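Trainee: I have a model open and a few questions about single residues. Can we go through them one at a time?

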Amino acid sequence: MSLRKTRQLALLLTVILMSGPAALAQQEIVDHPRDLVFAGLDFEPPDASQHRYELEHGAIAFVVEDHELPLVNIALSIRTGSFTAPGQATPGVASLTGSQLRSGGTASLAPADFDEELDFLAASVGSGFGATSGNANMNCLTKDLEACLGLFFEMLREPRFDEERMNLAKSQSRQSMERRNDSTTGIERREWSRLMYGNEHFSTQALTAADLESLTTEDLSAFHQFAVHPGNFLFAVSGDIEPDMIVAALNSYLSEWPVGEAAGDVPEPGFEPQPGLYLVHKEDVNQGRVSLGHLSTRLGNPDRFALQIMNDILGGGGFTSRIMSRVRSDEGLAYSAGANFGFGVHYEGSFRAAFQSRSEAVARATAIVLEEVERIRNEPVSEEELATSKASFIESFTRNFASAGQTAGLFASFEQQGRDFDYLNTYRENMAAVTAADVMRVAQEYLHPDRLVILAVGNVDDMLAGDPDHPDVLLEGLAPAGNVQRIPLPDPLTMQYPEQ
Amino acid sequence: MRRTLLALSVLMLAGTSSAFAQQVTPIVHQLENGMTFILIPRPGDPNISAGWVTKVGSVDESAGITGVAHLFEHMMFKGTETIGTTDAEADRRVIEHLDSLKGQIRRHEQELIRQQRLGLIDDWKNVEHRTAEHRDLLDDFETALAEQKGLIIKDDFDRIYTGQGASGMNAGTSNDFTVYFINVPANKLELWFWMESDRLNTPVFREFYSERDVVHEERRLRVDSTPTGLLNEQFNAMFWESSPYGWPVIGWPSDLYGLTREEALDFFDVYYAPNNLAAALVGDFDADEAIAWAEKYFGRIPRGPREPEPVRTEEMVQQSEKRMTGTAETTPQVQIRYHTVADGHVDEPALLVLGQILSGRTGRLFKSIVEDQELATQAFGSQSGLKYAGSFQVVAQAKGDTPPETVEKAIYAELERLKGEPVGERELQKVKNQNAAGEYRRLQSSFGLMVQLLIFEAGRGWETINTSGAALQAVTAEDIQRVASTYFEPENRSVAIYYRAESAEPEDPRLAGLDEQERQTITMVGQQLAGATAEQLTPLRQQLAQMEGQSAQVPPENQDMFELMIELIRERIAELEEEGE
C-alpha cells in the first residue's frame, strides 16, 4: 500500500441520488452482529527503509509524503533531556530551556515579533524538553514552507532566551512548585518513581525553589549550545513535500552547523525496590489513590505479545478488563481502576496496577486486585477473553498509520529507541499466535506477588481503619513481607523530607 | 472499551466551529424515509470515521423535560432488543414493572413536594418523611432492579465494537444537535451499519432510572460543585429572556428527578426518526456498497409520526443593560455578552473576524489589557451563532488585585476603538491567513471532517461547509466597524462580575486564564491522562499529532486551554515512555 495519495478531494463528484436501492447485499439482516462475515483487511505496513534519509552531520529524517492538502508538518526530536547536562548544570535547566526555546524570541526577533511573524503566516511552532528526549515542531502551509523553515531554524540555532519571558515562566513554575503537595495524583506519581528507581536516579530528582531561582539566561544558552545540534536530531517530516527537496532544504540548514557533544547513554537506576506497604498521609481528602506493582522488563523482550495480552485482560483493557469490572461492579468500590505492564526503553519499566476509591474501601479494593494478580497466574484465561483481547490489538493495528504524520512519527520513535522495524511487519501474526498457556506462563514469570510494592496516598487513618462492614480485610494485613512504612510529605520548595 | 479521550473529542468539536472554504465534494444519498448519508471515500488509511447526527438539542425541549436531549446521549448506549440482554422478553417485563412502580412512587414524591412548597416539611428528599407505602414501593423497586441486573449484559455495546477493533466511540449533545461517532477498521463497515441501525430501530432504554441518576450526578459534579458552575448557569439564564437557550443543556435538577421513560420514548419517536437524521462516513470504503448497506439497514426504519417543528419562541429584544455580581472560589473576572445574530446571518462573518482580531496571543485584548496595561491575565472575545439566535462574548480574568470593573472599562475602550477606526490592513490579513490555513487543517483528519459534516448538516445543510470560508475572506475593515457599532451598545448587553471568595486558595497558575468550563475540561483530561496506560501510547501520540496540526485553527478563546492540553499530553507521553511501553 502506498501512502502517496492523489488529489482525491478534487476528483470526487457530488452525486445526489434521491432513491433507488442498489442490488447489492440483499441477504437478510443477521440476528446478531457475531454472525456478520467480514472480508479480510488487506493491509501491509509501509516499509520504513523507503522513508529513511541520512542527513548532514549524523541527523536522520523520516519523510512520508501526502499531497492531499497543502500542509507540511515537521516533528523534530532531539536527543537530550534532564538526564544529561553540560558539566555541573543546575537541575531544571533542560525543561526551562525547552520551553523558552519557543517563547524567548530569536537573535533577530524579539519574542512578541517572533509570535507575530508566525501568526501572520498561520504557522504553529512549539518546543519542549522532557526527561529523555526533547522536541520541537512546526506546521505550515506549503506556500510558506521556506519562510517558516527559516523561522524554525533561527529559533533552533539562535534563540534569544529573553529575560522577561524567562522570568514570567519562572514565576509560574514557582507557583506550581508551591502546590506540589496539594494533589494526591502528583504525590502518587512522585513517590511511585522514588519507590521504583530510588532517590539518586535523575528521573526522581525534583527541582527546588533555589535551583529555579538560580537559573539564568546564560544557563539556558549553555544548555542550548550543548544539546541542540545536528548530531542529536531526528526529523519526522510529513505532508505536501517531495523527499529530495525537503532533504536538501534540511541539509542546507544543517551543513554549516557543527556537531556538538554526543548526548551519551541514559543512566540506569541500579536500585532494588523494597516490597512493602507505603503510606502517604493527606488529611483533607476522602479518596485514596493506590498503586501496586514492581519492576517489569525492557522493550526488546520476546514475550512482549503475551505480556500485552495478559495485561489487557488483567487491567489494561478498560471496561472489559478483570480489575476494572470487579472493582467497579462491586458497588462504588472505585471510580477508576486498571493496570499497565511497562516495557522500559532505557532501563526496566514497571508493572503497576492502580485505582482510586473512597478511603474506607481502599483495603477491599486492594485485596481484589491482589486476588486478580494471583488468579491470572494460576488459571488460564478464558477463550472469550483471549479472543476479544487479541482482536482488539490486531484489528486496531492499522490506526498506527492513520495519517502520514503518524507514520513518520512512529518510524522516528522506533529509530530513537533503536527498535527493529520488522516488529511492525510481524506484529499481527505474533499477536495472533498467543495462547492461553502463554498468557499464564508470562503471568507466572513476570508477575511477582512476593515483590510487590503497595503505595497508598490519602487519609491514612481512614484507609487503615477499613470498612466497618468488612472488618476482616485490613490494609496492614495485606502488606508484602509485613513491611509497613510511612512516607512524610517533603517541603515543596526544598524537597527535603522531614525525619520521622 | 477504550473510551479514552472524551474531553479531547469534545474539544475537537469546539475547535472546528469556525468556517472555511476548501471545497468538500461528498456523495450524498437520501433514503425514502428521509435519512441523509454524506459519503467521502478516502482510500489509503484502512479505517473509516463514521457518525450520525440528530437535529435535536436542548433548544427543542420544553418546561418539565429539560435535559432529555442530553439524557439520550447516555441511553443510546444501553442496548437494544438484541444487544445488552440475555432474555429480551423477561427484560421487557421487568422494565414495564419498573415503570409502573416508578409511576406510583412519583405520586408519593409529588405529595411530598407539595408539602415542602407549603413549608410543612423541610426537604422532600429527606427519607424520614416517607410513608410506609412509599417505602414499600421503593423496596419493590430495588427488588425489581436486582432481578433486572441478572438479565443485563453490562457494556455489551462497547464490548462488541471493541472486539472488532473499533475505537473512539463517543457522543455529544449541544443546544441544537446531538452526535454519535466512532472509528471502525475499513473491513468492518457493515458492523457499524448493523449496530447503529439496530439501536435506532429497536432501542431498549434499560437502566433508565439509574442512568437518570448518573446524569444527575454528572450535573452535581460539573455544575453544582464547581466554583462558578451555578453562577454561569444563572448568567446564561439572565442573558436569554424568552429563548429556550436560557436553560442548561444538562437540564434543571427538578426535571432530571422527574423525567419518565414514557416522555423519553415520545421524544425519541419524533426526534430520532430517520427523517431527522443524517450520517457521514469518511475513510476507506466503496460508496456503492455503503449506499446498499444504508438502504438495507437504515431503510427498514419507518419515518417518524410527524416532522419536527422549528422552535417557535423567539428571544425578546432587550430593553436595558442587565448586570449580576457573584462571589466564588475563582479568579476575579468579568463576562460581557451582547445579543448578536444566529449562525449564517449576513453579519456573522464580520463578527467572527472581529472576535479573532481581539483574541489570541497576538490579539488586541491580550496586547492591550494583558501585556501593556497589565490589568488581566487573559482576555478574549468571540461570536457564537446558534441555530435560532447568537451572542458575542468577551471574557477577562483580572490580574492580582485589579478590580474586575477596571478590566471591564478597558474592554469597552477596545470595543469603542473598533467602532471609531477601521482595523489595520496587516491585522485583518493575519486573521484571514489563519482562516485560509484553517480550511486545510480541518480536513486533515477524517474523523474531524466527519464530525464537521454532521454539524454543518444539522445547521444549514452540509453544503454550507463550502461557503462559509469565502464569506470570512470577504470581510472588510468597514464591515467590522459597522457590526461593532450595530451590536456593541450598552442596552444590548449583560454583564457578570465574579469576585474571589475570601476562602479561595491560590490556584494552579496554568489554569489562570481558563474559564470554568475549560477548567473542567482540563481536569477531565488530566484524570483521563492519569488513567492512561502505556497501551494507549499510540492513540495518545495520534491525538497529540492531530492536535499539534490543528493548533492554529483552534478558536482564540480556546487557545490557552488547547496549549495546556498539548502540554499535559506531552508530559503524560513522556512519563509513560519513561515507565516503558
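Trainee: In which loop of chain A is Ala481(A) found?
Mentor: This is a predicted model. Ala481(A) has a positive phi of about 55°, although it is not a glycine. Its place is the loop of chain A between helix H17 (460-465) and strand S15 (484-486).

Trainee: Is Ala481(A) buried or exposed?
Mentor: A residue counts as exposed when its relative accessible area is over 50%. For Ala481(A) the value is 73%, so the residue is exposed.

Trainee: How is Asp155(B) classed by relative accessibility?
Mentor: Asp155(B) lies in chain B, in the loop between helix H4 (132-149) and helix H5 (156-163). Its phi is positive too, about 50°, and it is not a glycine. Its relative accessibility is 34%, so Asp155(B) counts as partly exposed.

Trainee: How far apart in space are Arg312(B) and Tyr388(B), C-alpha to C-alpha?
Mentor: Arg312(B) sits in the loop between helix H11 (287-298) and strand S7 (322-328) of chain B. Arg312(B) is exposed, at 76% relative accessible area. In sequence, Arg312(B) and Tyr388(B) are 76 residues apart; in space, the C-alpha to C-alpha distance is 9.7 Å.

Trainee: How many disulfides are there over all chains?
Mentor: Take Cys140(A), which is buried at 0% relative accessible area, and Cys148(A), buried at 1%. A disulfide needs two cysteine sulfur atoms within 2.5 Å. The closest cysteine sulfur to that of Cys140(A) is in Cys148(A), 3.9 Å away, so it is too far for a bond. Over all chains, the count of disulfides is 0.

Conventions:
Residues numbered from 1 in each chain as written. Chains lettered and ligands numbered in written order. Predicted model: local features only at pLDDT ≥ 70, side-chain atom pairs only at ≥ 80, totals over all residues. Heavy atoms only, no water. Helix = DSSP H or I, 4+ residues; strand = E, 2+ residues; numbered from the N terminus. Buried < 20%, exposed > 50% of the residue type's maximum accessible area, 1.4 Å probe, protein only.
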